[in-house]
Amino acid sequence: MRIEEKYREMARELHQNCPVVDAHLDLAGELYFRVMNGEKNPLRTHYLEPFREAGLNLVVSSIYLRNDQLPEGGLRAALDQISVLYEAVDQNEEFCLVRSREELDRAFRENRIGVLLYMEGLDCIGKDLKLLRVLYELGVRGASLTWSRRNDLASGCCKAGERMQIPGGLSPEGRTAVAELERLSMFLDVSHLNDDGFEEVCRIAKRPFAATHSNSQRVFFNYRNLSDEQMRALGSRGGVMGLNGCDLIVGCAGGEDPLEMLCRHVEYEASVIGIDQVGLGLDFCDSYTEAEPKYPGGENWKRHDCLGDHRRLPELTAALLKRGMTAEDVKKVIGGNWIRYFREVLLDKPLFPA
C-alpha cells in the first residue's frame, strides 16, 4: 500500500503524543529464554528502541507455557518468567510494572513504558484456584482460562494443525475461576477460548472481558478469530478486542498486503461493535521463536509477524488515516480504548496491600 508522507507524519505525531498500547506480547517468556541463553539485558537490547519508536506506553506481557512445560513444570516455568521480567524491569528505568490504576497513571506521568502481566492460560494451576490469589500477589492482573488446548478449566478454540474446533464448555472449576478472577479484579481474556466456553462466559461474567489478540472471522476465517455474534457480545459488555498481527490470523500468509488486511479487520470490527471496542494486541512472535531453545534457524525459516516488529506500527496508523479514519478514532484504536478498559478493570491500589 502506497502511503503519502502527510499521513506518515500525522501517524508519527499521534504515536509520540497519544497513548499507544499493545495488549498481547509474549515478552516474559522471551526474556526468560534470552537470559538462559546468556544475554545480559535483552529487554533493552531487543525492545527499548522499537517500543520508543512506536511510542508504546503500555505492553501487556503474557505468561505463555509451551506444551513441553506441562503439566509438571508449568508452575515453575510461570514463576521463572515472572522473576525474569521483574529483574528486567529493575534493570531498565525506562520501564515499570503496572498493577493498579495508580501505577498506570504514574507510567504516563513519568514517560515510562508500563508492563502489565497476565496468564495466557491457567494450565499451571490445575484445579487449585487458591493459586489465583498467589498469582495476583506476584503482580499478575489477568488471565485466559486456557490456550488453544484443553485443560482442567476449559477447552481451547482449535487444534491448530487439524483446523478443528474443540467442543465443550467450562468445567465447574472453570466457572468458579471466572468468579474468582472477577473477585480479584483480574481481567478475563477469551482470545483462545472455544465457542462453547465463550457462550458460557457470556452467561456468567459480570465484568467486561477482553479478547486481547483476536481478529474478525468475517474478514478472514480462522478459529482464533471471532464471529460477528461473539464480537457483539464482547462489545456490548464493554470489552475490547485487540488486533492480532500474526499473518496466519490476519490472513496475509499467502502474499496479501498486510497493511490492507490489518486495516480491513480494524474497519470491519469497528463497523460491527463500534470504534470504542477495538484496539491492538499484536502477538508478535518471531523474536520469541528466535529465542527458543529449539529455534529452527536458517534462511528459509518462515516468519509470521506481518509488520515485522513494533517499529512499523505507525505505518498501520498512517494506512488507517489514508483510508479515511479520523485522527480521533485512530487514537482510540492505537491505545485509548485499552487505557479506558484497564482503568476500569484495575483497582486504584493493590487488593492486598503489604
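This is a predicted model: local features need pLDDT of at least 70, side-chain atom pairs count only at pLDDT 80 or more; totals for chains, interfaces and linings use all residues.

**Stop 1**

Select cysteine 158 to begin: cysteine 158 is in no disulfide, and the nearest cysteine sulfur, that of cysteine 157, sits 3.7 Å away. A disulfide takes sulfur atoms within 2.5 Å. Cysteine 158 counts as buried, because its relative accessibility is 6%.

Now jump to cysteine 263. Which cysteine sulfur is closest to that of cysteine 263? It belongs to cysteine 306, and at 11 Å it is too far for a bond. Cysteine 263 has 0% relative accessibility, so it counts as buried.

**Stop 1: histidine 192**

Select histidine 192, in the loop between strand S8 (187-189) and helix H8 (195-204). Is histidine 192 buried or exposed? Buried, because its relative accessibility is 6%.

Show the side chains around it. Histidine 192 makes a side-chain to side-chain polar contact with glutamate 120 at 3.1 Å, and another of 3.4 Å with the side chain of tryptophan 147. Leaving out residues up to four places away in sequence, the residues that histidine 192 touches include Thr146, Ser155, Cys157, His213 and Arg224.

**Stop 2: two helix pairs**

Next, color helix H2 (residues 27-36) and helix H4 (residues 74-91). Their axes come within 8 Å and cross at roughly 85 degrees, which means H2 is roughly perpendicular to H4. To see the contact, pick Leu27, Ala28, Gly29, Leu31, Tyr32 and Val35 on H2, then Asp80, Gln81, Val84, Leu85 and Ala88 on H4. Sorted by class, the contact of H2 with H4 has eight nonpolar, two polar and one charged residues.

On the H5 side, select Arg101, Leu104, Asp105 and Phe108; on the H14 side, Ile339, Phe342, Arg343 and Glu344. This contact of H5 with H14 has four nonpolar, no polar and four charged residues.

**Stop 3**

Helix H9 covers residues 228-236, and its buried residues are Asp228, Gln230, Met231, Ala233, Leu234 and Gly235.

**Stop 5**

Start with the peptide bond from leucine 70 to proline 71, which is cis, with omega near 0 degrees. You'll find proline 71 in the loop between strand S2 (58-63) and H4.

Serine 185 has a positive phi near 60 degrees and sits in the loop between helix H7 (172-183) and S8. Serine 185 counts as buried, because its relative accessibility is 10%.

Aspartate 283 also has a positive phi, near 55 degrees. Aspartate 283 lies in the loop between strand S10 (278-280) and H12, and it is buried, with a relative accessible area of 11%.

**Last stop: threonine 289**

Select threonine 289, in helix H12 (residues 286-291). Threonine 289 counts as buried, because its relative accessibility is 18% and the cut-off is under 20%. Finish with a distance label to glycine 324: the two C-alpha atoms are separated by 36 Å, and the residues are 35 apart along the chain.

Methods
Residues are numbered from 1 along each chain as its sequence is written. Side-chain values use heavy atoms; hydrogens and water are left out. Helices (H or I, at least four residues) and strands (E, at least two) are DSSP runs, numbered from the N terminus. Buried means under 20% relative accessible area, exposed over 50%, partly exposed in between (1.4 Å probe, protein chains only). A polar contact is a pair of N or O atoms within 3.5 Å; within protein, one must be able to donate a hydrogen and the other to accept it, and residues adjacent in sequence count only if both atoms are side-chain atoms. Contact means heavy atoms within 4.5 Å. Axes are lines fitted to C-alpha atoms, for helices over the stretch in contact, and angles run from 0 to 180 degrees between N-to-C directions. Angles under 35 degrees count as roughly parallel, over 145 as roughly antiparallel, 65 to 115 as roughly perpendicular and the rest as oblique. Ala, Val, Leu, Ile, Met, Phe, Trp, Tyr, Cys and Pro count as nonpolar, Asp, Glu, Lys and Arg as charged, and the others, Gly among them, as polar.
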